[in-house]
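Please consider the following model together with its sequence. The paragraphs below lead through its sheet, one of its helices and several individual residues.

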Amino acid sequence: MAFYTYLLKCSDGSYYCGHNDDLEARVAQHRIGKGSDYTARCQPVEFVWSQDFPTRHEALTAECQIKGWSRAKKEALIARDWGEIQALCRSGSE
């Protein structure tokens with residue numbers, strides 16, 4: 001079984017990060033306002049990124065790490081711009 005860490009872009013421009021073992025169902029819940037209180041208030045939401053992990057612990061660890069990142073670093077992740085992510089890490093931008 002795979003576990004996923006994912007990012008949604010909310011209507012206010014903010015990003016929501018979560019993890020789950022059924023990505024399609026979870027994103028569908030968010031889209032109808034049933035996924036979380038936060039995304040229910042920021043409708044509509046757009047799915048923008050995900051990564052799969054072999055364990056729930058790894059997916060949760062990634063979620064916690066990404067939640068601490070700056071907007072620029074999250075946007076580099078969405079763009080899969082590994083060079084920019086590394087540059088932001090070196091500059092101290094979490």
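Which backbone nitrogen does the side chain of N20 reach? The side chain of N20 reaches the backbone nitrogen of D22 at 2.6 Å, where a polar contact is a pair of N or O atoms within 3.5 Å; within protein, one atom must be able to donate a hydrogen and the other to accept it, and residues adjacent in sequence count only if both atoms are side-chain atoms. The model is predicted: local features need pLDDT of at least 70 and side-chain atom pairs count only at pLDDT 80 or more, while totals for chains, interfaces and linings use all residues. Residues are numbered from 1 along each chain as its sequence is written, and side-chain values use heavy atoms, with hydrogens and water left out.

N20 belongs to strand β2; strands (E, at least two residues) and helices (H or I, at least four) are DSSP runs numbered from the N terminus. N20 counts as buried because its relative accessibility is 18%; buried means under 20% relative accessible area, exposed over 50%, and partly exposed in between (1.4 Å probe, protein chains only). Neighbours within four places in sequence aside, N20 is in contact with F3, Y4, Y6 and R26, contact meaning heavy atoms within 4.5 Å.

The strand that holds N20 is part of an open sheet of three strands in the order β2-β1-β3, with antiparallel pairing. Two strands pair if DSSP finds at least two bridges between them. Strands β2 and β3 are the edges, each pairing on one side only. On average, neighbouring strands of this sheet are turned by 20 degrees against each other, direction ignored; the axes are lines fitted to C-alpha atoms, for helices over the stretch in contact, and angles run from 0 to 180 degrees between N-to-C directions. The antiparallel pairing of β1 and β2 extends over six bridges, and T5 stands opposite H19 in β2.

Helix α3 (residues 56-67) has 12 residues and reaches 16 Å from its first C-alpha to its last, close to the 16 Å expected at 1.5 Å a residue; the expected span is 1.5 Å times one less than the number of residues. Its buried residues are A59, A62, E63 and I66. Seen down the axis of α3, these residues fall within an arc of 105 degrees, so they line one face of the helix; the arc is that of the directions from the helix axis to the C-beta atoms. They pack against β1 (3-10), β2 (15-20), β3 (45-53) and α4 (71-78). The face of α3 turned away from the buried side carries the exposed residues H57 and C64.

S11 lies in the loop between β1 and β2 and is partly exposed because its relative accessible area is 45%. Although 32 residues separate S11 and Q43 in sequence, their C-alpha atoms are 5.6 Å apart. A polar side-chain atom of S11 lies 2.9 Å from the backbone oxygen of Q43. Apart from neighbours within four places in sequence, S11 is in contact with C42, Q43 and P44.

Most residues other than glycine have a negative phi, and most peptide bonds are trans. The peptide bond from Q43 to P44 is cis, with omega near -5 degrees, and P44 is found in the loop between α2 (37-41) and β3. R80, in the loop between α4 and α5 (82-90), has a positive phi of about 55 degrees although it is not a glycine. At 45% relative accessibility, R80 counts as partly exposed.
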